[in-house]
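Please keep the sequence and the structure in view while going through the points.

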Amino acid sequence: REVSRNRASLCGRLRDLRQYLHVLREGQRFTSLPVGPGVPAPPGSAATCLTVQPWGGLPIPALLLCLCSFVAGVIHPWRVTAFERLLWRACRGYLVASFVEMPEPMEDPATGESITWVIFLISYWGEQIGQKIRKILDCFHCQVYAYPESEASRTEAITRLHGQIQELSVTLEETEKYLAEVLDKVAQVLPTWRVQVQKMKAIYLVLNQCSFDVTKKCLIAEVWCPVRDLTQVQDALRQGSYQSGSSVECFVQRVPTSESPPTLIRTNKFTAGFQSIVDAYGVASYQEVNPAPYAIITFPFIFAIMFGDVGHGLLMFLFALWMVLYEDSPRLRQGTNEIWLTFFEGRYLILLMGAFSIYTGFIYNECFSKATVIFPSAWSVATMANHSSWSAAYLATHPSLTLDPNVTGVFRGPYPFGIDPIWSLATNHLNFLNSFKMKMSVVLGIVHMGFGVVLGVFNHVHFQQRHRLVLEFLPEMIFLLALFGYLVFLIFYKWIKFSAADSMVAPSILIHFIDMFLFTSNAENLPLYPGQVPVQVVLVVLALASVPILLLGTPLYQWCRQGGLTVGAVPVQPLATGDQEPLLEGQEAGNSVNATTEDVESGGHSPDAKHLDFAEIFMHQAIHTIEYCLGCVSNTASYLRLWALSLAHAQLSEVLWTMVMRNGFVGLSYVGGVVLVPVFAAFAVLTVAILLVMEGLSAFLHALRLHWVEFQNKFYVGAGYKLCPFAFAPDTWE
Amino acid sequence: AHSFALPLVLFSAFWGLVGIAAPWFVPKGPNRGVIITMLVTTAVCCYLFWLIAILAQANPLFGPQLKNETIWYVRFLWE
């Protein structure tokens with residue numbers, strides 16, 4: 001820096017000297033002429049030469065010249081006209097000013113650009129005018145130079161200046177060379193310096209977060225640390241102290257606290273994607289059961305139910321496989337496109353989604369909307385035709401006919417794997433499929449929700465709240481199973497017990513279910529099994545009875561445990577249970593301890609506060625009850641979206657087939673073969689854009705919603721916060 | 001003619017193997033829990049889905065309605 005400053009000052013001096021030299025030279029030209037300044041500019045000068053002739057062209061006697069004083073300087077060319085005018089007005093013609101452009105452009109000290117300056121020489125007489133002129137010069141920021149009177153001194157000055165300039169140039173050269181050397185050296189070590197500075201900055205940022213202890217001699221940092229890693233941390237600290245050669249060791253000590261610890265769930269690259277979709281809803285509360293290990297399978301499965309198509313599933317699977325196999329390639333990892341990164345982060349998710357879609361595609365028997373005949377179809381058209389003597393003429397007159405399963409031999413047993421391929425040829429395809437998918441959605445939904453309630457058991461057990469097992473889990477399960485478990489039973493029963501023989505009188509489950517709630521019965525709707533009505537009455541009564549237990553059980557239990565209003569009888573839970581207990585292992589089916597409101601609330605509260613707490617607990621429980629009971633009904637219906645989306649997907653792919661691809665096979669000539677290529681291109685593009693991307697995203701969204709709302713509100717609290725592991729943050733690197 | 005019992009036994013055995021027997025053979029490691037969870041969940045989900053599909057077709061209450069062209073073609077093709 002010093003070197004640069006020196007160099008700058010040297011340059012400035014050099015410039016000044018040069019300017020002075022020029023001024024003298026040019027001024028010399030004017031004043032060395034024996035004739036006054038009235039003589040016009042010497043010919044051949046390309047410069048703009050302005051002469052002010054106040055005396056109307058009359059030559060000024062040389063005598064007057066000796067009496068006048070000179071001011072010489074340089075002025076910025078843009079200001080020349082203004083300067084002139086001002087001089088003229090201010091001094092009323094008692095001066096003569098000449099302007100000449102400098103022969104070479106020089107650097108402007110202020111702006112650094114190279115400008116051709118204008119040299120001026122003002123001759124005047126009288127002291128006051130001199131002062132005025134100087135003031136004006138100051139205003140205009142001109143560089144003024146002393147103008148020696150006699151010619152001899154002028155020449156002397158010029159030679160002197162020459163010498164000075166020479167010396168200065170040499171010095172300047174040396175300075176420049178030296179500066180270049182210094183810069184070179186610095187450039188070599190600059191990267192290391194930069195890294196060191198960044199490291200120091202990061203370290204100081206972290207140290208700022210620590211606090212001083214009592215003696216002000218050392219820093220204390222309060223951290224959260226997983227209990228499992230405690231010994232590792234101690235080892236690391238010991239090693240660090242040893243390596244830095246300090247005399248005092250750093251050590252770590254457990255400290256009791258009433259704060260709720262952060263949640264740490266360890267994931268590997270496979271499980272991270274699934275954990276992130278659970279965390280997007282809410283990070284698990286401390287030591288709560290983690291739904292992510294189950295979501296690894298149930299989420300792709302629910303997606304696949306809505307997406308089920310072998311062909312589309314295969315495409316999705318291959319795309320994800322490519323991403324997974326090349327996941328270490330830097331080209332894939334360093335993409336900047338956000339959408340691509342989202343897909344890449346979820347590559348394992350998409351892999352599983354594709355795999356399950358292939359499976360459900362086989363069950364739905366859909367491959368790009370076409371059915372595959374893996375096993376021979378269960379329905380025999382020939383038998384039906386022979387039985388009803390469908391001759392060619394008969395067929396010609398009847399555009400559509402139905403196969404009757406009552407005729408022996410027409411239906412030969414259920415298709416062993418999936419939906420029978422004949423249904424894809426049938427016109428009443430949707431009649432059968434709708435019934436099947438609706439029941440499937442309801443069954444799977446109730447199973448999913450039941451599983452959610454069961455997961456709540458893990459929470460109750462882990463947090464030592466066994467009373468909740470009896471007072472919450474049991475009523476919840478009874479409510480769910482008595483009503484909706486019974487519905488599942490009815491569905492399965494009807495599938496097994498009723499066949500084509502009694503298809504005319506087959507009861508409607510829906511009507512039965514509604515009648516069950518209303519305690520009415522419908523004469524046309526036959527019972528499914530003898531004794532159905534009393535059984536249903538019992539079940540409804542059971543379900544209704546479980547509601548008040550759910551509503552009042554836990555609050556009353558807590559109230560009784562707290563012994564009413566006496567303060568002394570309060571069993572204070574040691575706050576240590578809320579400490580750094582073993583954090584949740586995300587890999588195993590959760591054992592969790594929840595440091596909930598109960599522990600914190602039951603510690604040392606005044607009786608008034610307890611009363612309020614009881615009201616709060618009661619209200620909380622009421623909300624939970626209402627939410628659960630109403631939720632059971634609405635969430636069951638919500639699972640019907642599985643049916644709706646799979647239907648939409650099937651219809652869309654069928655439309656693409658019939659309206660796009662099939663037209664490519666119409667022409668059977670060679671031209672038809674050529675036409676097939678653009679048709680297939682259109683089919684492929686539409687398949688990827690509409691069916692894979694749009695339907696995929698839609699099914700993904702709905703599966704996510706089913707998990708987040710219908711499944712997780714049976715047991716999940718999700719009010720925790722994540723552990724931010726100690727790391728030097730990247731934004732301190734700048 | 002398709003039997004109902006044979007596929008039932010076969011698939012129950014298969015998914016039973018996946019969901020009940022295979023978890024015993026998962027090698028010990030940090031991911032053992034996750035893998036067992038995945039196996040069991042997969043077995044339950046896929047078995048249930050297949051079971052629903054076959055049960056829904058076991059006793060059909062009505063048959064497929066086909067166009068006359070389809071009947072004319074399939075009648076001789078699928079026999």
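Which residue of chain B does A:L401 stand opposite?

1. The pairing of strands between the chains. The residue opposite A:L401 is B:L66, which lies in β1(B). In this predicted model, strand β10 of chain A pairs with strand β1 of chain B, residues 65-67, in the antiparallel sense and over 3 bridges. The strand of chain A covers residues 400-402.

2. The extent of the interface. On the side of chain A, 70 residues are in contact with 44 residues of chain B. Together the two chains bury about 5300 Å², and 72% of this area is on carbon and sulfur atoms.

3. Polar and charged links across the interface. Between chain A and chain B there are 18 residue pairs in polar contact, counted where both residues have pLDDT 80 or more.

4. The elements and residue classes involved. Several elements of chain A give two or more residues to the side that touches chain B, including the helices α8 (292-307), α12 (347-364), α15 (429-462) and α16 (466-497). By class, this side of chain A consists of 48 nonpolar, 18 polar and 4 charged residues.

5. An unreviewed UniProt entry lists residues 6-26 and 33-56 of chain B under "transmembrane region". In the model, residues 6-26 of chain B are 76% helix and 0% strand, with the end C-alpha atoms 29 Å apart. Residues 33-56 of chain B are 100% helix and 0% strand, and their end C-alpha atoms are 35 Å apart.

6. For chain A, the unreviewed UniProt entry gives the "transmembrane region" label to several stretches, among them 504-521 and 533-552. Residues 504-521 of chain A are 56% helix and 0% strand, and the end C-alpha atoms are 19 Å apart. Residues 533-552 of chain A are 100% helix and 0% strand, with an end-to-end C-alpha distance of 30 Å.

7. Salt bridges in the structure. How many salt bridges does the structure hold over all chains? The total is 6. One salt bridge joins the side chains of A:E174 and A:K177, at 3.7 Å from N to O. The two residues are separated by about one helical turn, because they are 3 residues apart in helix α5 (residues 151-208) of chain A.

Technical notes. Residues are numbered from 1 along each chain as its sequence is written. Chains are lettered from A and ligands numbered from 1 in the order in which they are written. Side-chain values use heavy atoms; hydrogens and water are left out. Contact means heavy atoms within 4.5 Å. Buried area is the accessible area (1.4 Å probe) that two parts lose on being put together, summed over both. A polar contact is a pair of N or O atoms within 3.5 Å; within protein, one must be able to donate a hydrogen and the other to accept it, and residues adjacent in sequence count only if both atoms are side-chain atoms. Helices (H or I, at least four residues) and strands (E, at least two) are DSSP runs, numbered from the N terminus. Ala, Val, Leu, Ile, Met, Phe, Trp, Tyr, Cys and Pro count as nonpolar, Asp, Glu, Lys and Arg as charged, and the others, Gly among them, as polar. Two strands pair if DSSP finds at least two bridges between them. UniProt positions are given in the numbering used here, feature names are shortened, and annotations may be inferred rather than shown by experiment. A salt bridge is a side-chain nitrogen of Lys or Arg within 4 Å of a carboxyl oxygen of Asp or Glu.
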